[in-house]
Amino acid sequence: MSDRPLQPDPETYRRRPLRSWLRLALDTRRAARERPAAIAARQDARLRGIIEHARAHSPFYRARWASLPDAPHLDELPPVSKPELMARFDDWLTDPRVRLRDVEAFISDPGRVGELFAGEFSAWTTSGTTGQPGVFVHDRVARGVYDALMVTRTHALTEGAFLRALGKGLRIATVVATGGHHVSTSLVNVNRRRFPALARRIRIFSVLTPLPRLVAELNAFDPAILIGYPTALDLLAQEAGRGHLRGRPALVVVGGEVLTADARGTIERALGAHLLDLYAAGEFPGIAFSCRFGRLHANSDWVILEPVERDVSPTPPDRASHTVLLTNLANRVQPIVRYDLGDSLTVSSASCACGSPFPVIEVGGRRGDVLRFRGVDGREIRVLPLALGTVVEKTPGVRRFQAYQTGDGELRVRIEPDDEADREATWARVADRVDGYLASQGIAGVGVVRDEAPPARDRRSQKFRSVWDARHRPDVPASPTGGKP
Ligand SMILES: [Zn+2]
C-alpha cells in the first residue's frame, strides 16, 4: 500500500458527509480486492487511531492503559468486559455530551426509536449472549462504515435479486422484537427518518405476534426483502412450505443467531430467495457477511476479532474458541477495544473459493431452541426463543433470565433481579407476563414454574443460553437442585 489507510474522522465527516461517505465506501470496496497484508495495514493504522483517541478523551482507557507504551501492540492491551465498561459508562465514552442517564432515558422512550441521540449518535441496547444489557452509542462515521459495508460487501444482493426487489416495489419487512431500541429496529428507523420516500416501504413486524396473524400480515404486505432472526424465518419458511405464507421475497437477510445448515436449506428452498447471513452485534452491527458460498467472512478492515481461550491465550485456527475479543475500528465515541463478546468463534485456516481476502469464521452459541406447546385446540404451537426472551427480559426489574421447557405443560424460569429486595415482586411480574404471552399465542395449561437457581452458563460449553428445550438438551442441565415447583 502506497497511500496511508483511510482513517475515521468525525470532524471531516460532519463538514462533508457525502464526500466522506463516498471515500469510506470506496476504501471499503477496494479492501475486498486487496491482499490480506493490505487489510492488516488498515487494521494497524485504525487501531492506532482508536488508541490515541481513547487515551486523549476516555478517562477509563487513559487510566487503564497508563503503564503501557505509546504505541502498544494489540495483545498488550488488557481485555475489557461489558459489566466493567457499563459500570464506568460516563468515563468510558469520549464525548461529554453522552451520559448514561441521558442515553438510558432516550432508549427507554419508545417514541424516540430511530431518532439520533444529541442529534448525532445512534444508541441502542442489547442483551447479547451474556444476558446483561449493554448500551451502545455509535457516531456518524461508524454509521457510515456500517452502511458502506452493507452496500459494498453483501454478495447476496446480486443484480438479479436487486431487479426482482425493484419489481416488488422494494418493500422491506423486518421481523424483530419490536418496542425497544434494538439494533435492527433502530437501524431501520434511522434510515426511515433519513429517507422519507423509503418510509412507506419499510414495515416492522413483531416476533411476538401469533404465527397465523404474522403470516397473514406478511401476505398482505408481500415484501421484496425479508429480514429477521434465523429461527423466525425458518418458522416462516415452514409456513411457506405448507402454502400458508404466499409471497416470495427477492432477498432474505438473517442475523442475530446462528444460521444452521438445516435452516438455511429450509429458507432457501421454501422462500426461493437469495439468502444473506450476517453476524451482527450491538457492539458492531456488520461483523461478518456470508459470501455466495454461504460462508461468513469477517469485515476485518473495520473490526478485529481475536478468538481466545479462557486464559486469553489465542485459539489456534480451526478450533472453537472460549470467547472472542472484539475491537471496533470505526467508532470513536465509545471505544470498544479487546472487548469480551462472549461468542465462541472458529477461524478457518483455509481460504474460501469465492476469493475473498477476509477470513472465514463460524459462530457458535447464539441459538436458542424453538419451544413447542399444545394449543387450546390440541394443535402444536411453536414459541420462538427470541419472543419469549423479549417478554421476560422486558419485565421491569429483570437483569438476567433463563427459561427452559421440561414438558408439554411446564416452563421453568430463572431470574436475576436488578434489586435482590425486589425479587418476589419481580417474579410475580414475570409469571404474569409469561402467562399472558402464552395465552396470547393460544397456549393453555402450561405451568410457569420458578427455578430458584440463578441464571448460569452451560457447564459443558460454558456458553450462556437464554431459552432451551431441556427435553432435547440433557447437556444443558437445570440447576443441581432442580426447580422448586
Ligand atoms: Zn467466501
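**Entry 1: Gln405**

I began at Gly407, whose backbone oxygen lies 3.0 Å from a polar atom of the Gln405 side chain. I count a polar contact as a pair of N or O atoms within 3.5 Å; within protein, one must be able to donate a hydrogen and the other to accept it, and residues adjacent in sequence count only if both atoms are side-chain atoms. The model is predicted, so local features need pLDDT of at least 70 and side-chain atom pairs pLDDT 80 or more, while totals for chains, interfaces and linings use all residues. Residues are numbered from 1 along each chain as its sequence is written, and side-chain values use heavy atoms, with hydrogens and water left out.

Gln405 belongs to strand E17 (residues 398–407). I take helices (H or I, at least four residues) and strands (E, at least two) as DSSP runs, numbered from the N terminus. Is Gln405 buried or exposed? Gln405 counts as buried, at 0% relative accessibility. The cut-offs are under 20% relative accessible area for buried, over 50% for exposed, and partly exposed in between (1.4 Å probe, protein chains only). I then listed contacts (heavy atoms within 4.5 Å). Leaving aside neighbours within four places in sequence, those of Gln405 include Phe373, Leu411, Trp468 and Arg471.

**Entry 2**

I moved to Phe373, whose bridge partner in E16 is Ile381. Strands E15 (residues 371–374) and E16 (residues 380–383) pair in the antiparallel sense over four bridges. Pairing requires that DSSP finds at least two bridges between two strands. Five residues lie between the strands of this hairpin, and Gly378 takes a positive phi near 90 degrees.

Most residues other than glycine have a negative phi. I noted Leu170, with phi near 55 degrees. Leu170 sits in the loop between helix H9 (159–167) and strand E3 (172–176). Its relative accessible area is 24%, so Leu170 is partly exposed. I also noted Asp318, with phi near 70 degrees. Asp318 is in the loop between E10 and E11. At 46% relative accessibility, Asp318 is partly exposed too.

**Entry 2**

Two bridges join E11 (residues 323–328) to E12. Leu326 stands opposite Tyr339 in E12.

**Entry 3: the zinc ion**

Which residues coordinate the zinc ion? I found Cys291 (SG), His297 (NE2), Cys352 (SG) and Cys354 (SG), at 2.1 to 2.3 Å. Donors are N, O and S atoms within 2.8 Å of the metal (3.2 Å for Na, K and Ca); water is not among the atoms, so sites may look incomplete. The donor spacing in sequence is C-x5-H-x54-C-x1-C. Cys352 and Cys354 are both buried.

**Entry 4: helix H8**

Last, I looked at H8, where 10 of the 14 residues are buried. Among them are Val141, Val145, Tyr146 and Leu149. At the start of H8, a side-chain oxygen of Asp139 comes within 3.3 Å of the backbone nitrogen of Val141.
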